[in-house]
Amino acid sequence: MLVLVAPGQGAQTPGFLTEWLDFPGVRGALEAWSDAVELDLIRYGTEADAEEIRDTAVAQPLLVAAGMASASLLFADPADLPRKVGAIAGHSVGEFTAASLAGVLPHEEALRLVRTRGRAMAEAAAVTETGMAALLGGDPEVTIPHLTKLGLTPANINGAGQIVAAGTKEQLAALEADKPEGVRKVVALKVAGAFHTHHMAPAVDTLAKAAEALTPGDPALPYVSNADGQVVATGAEVLDRLVGQVANPVRWELCMETFKQLGVTALIEVCPGGTLTGLAKRALPGVKTLALKSPADLDAARELIAEHGV
């Protein structure tokens, strides 16, 4: 059983879209999506530096567009995606990629909503200087109470020994100076705010108003939610969860547990892949994984689809 996943913010790197533009349909799609969201996705994905694409309002639509474009090259017939993929999920903003690929929202509508999300989260992040940091190693039963003591939120519980803490710069500095027992390293993430925490509450309201104008379709394949790792069957509930997730923790470890229960045998991460396949290698032993880092990975991904597709 094949699972398709989409990465979240922090996966972007300068120039990561350059090689993809040579493939039929990619440049045209990115140009149309750029017009739809009033953002030059091609320039940001090929020429912009790390600081430019760290901007939340840029990074989020850029990542979703990259995921959708790379996924389109995996299947000769778009209808093969729901036929051959046994489940789909995304991490944080990657949930929008997953929702659109599952047929909940048309690509342009999903990108417009993501553009609104990114702007709203950037505005919320500007109120207080906040950030996020990944903790490598440690026991969640020890780490989470320690974060709470420091006033931090376990914003991403990713499994495979990784938790991402979010809070103010002062709280994160305190964490660096006082790591939980068993944590080997604290790594600052390339994000501009404390996402998936109470700091993002104003963005939830903005996103909810934008979502009122949309009519979501039901997912065409099992869609696994970050909120609790459960499969969500209706488009209306997917959309509600996409809105609320902005200010609530990402439970990726529960998503991977659901993949296991569904019988996953292979997992492909769309561009810019790497983060989620790394987690899967540690949390889902025996499952074949592949990250779409560049077009050079497409042939191997198609072979995996042929072997493990439903």
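Which helices each supply at least two residues of the lining of the second largest pocket? Keep that in mind while you set up the viewer.

This is a predicted model, where local features need pLDDT of at least 70, side-chain atom pairs count only at pLDDT 80 or more, and totals for chains, interfaces and linings use all residues. Residues are numbered from 1 along each chain as its sequence is written, and side-chain values use heavy atoms, with hydrogens and water left out.

**Stop 1: the second largest pocket**

Select helix 1, helix 4, helix 5 (80-84) and helix 6 (94-101): each supplies at least two residues of this lining. Helices here are DSSP runs (H or I, at least four residues) and strands are too (E, at least two), numbered from the N terminus. Helix 4 gives the most, with four residues. A pocket is an open set of points on a 1 Å grid over the protein atoms alone, where a 1.4 Å probe fits, with protein on both sides within 12 Å along at least five of seven lines; lining residues have an atom within 4 Å of a point. This one holds about 310 Å³ of space, the volume being the space filled by probe spheres set on the points. Of its 18 lining residues, A71, S72, P78, L101 and H107 lie nearest the centre.

**Stop 2: helix 1 against helix 4**

Now keep helix 1 (residues 26-37) and helix 4 (residues 56-72): they pack at an angle of about 150°, with axes 10 Å apart. That makes the pair roughly antiparallel, a label for angles over 145 degrees. Show side chains for V26, L30 and W33 in helix 1, which meet A65, M68 and A69 in helix 4; contact means heavy atoms within 4.5 Å.

**Stop 3: helix 7 against helix 10**

Move to helix 7 (residues 107-127) and helix 10 (residues 201-211), whose axes come within 8 Å and cross at roughly 160°. Helix 7 is therefore roughly antiparallel to helix 10. On helix 7, the contact residues are L113, T116, R117, A120, M121 and A124, and on helix 10 they are P202, A203, T206, L207, A210 and A211.

**Stop 4: the largest pocket**

Finish with Q9, G10, A11, L189 and T275, which lie nearest the centre of the largest pocket among its 24 lining residues. About 420 Å³ of space lies in there.

Technical notes. Axes are lines fitted to C-alpha atoms, for helices over the stretch in contact, and angles run from 0 to 180 degrees between N-to-C directions. Angles under 35 degrees count as roughly parallel, over 145 as roughly antiparallel, 65 to 115 as roughly perpendicular and the rest as oblique.
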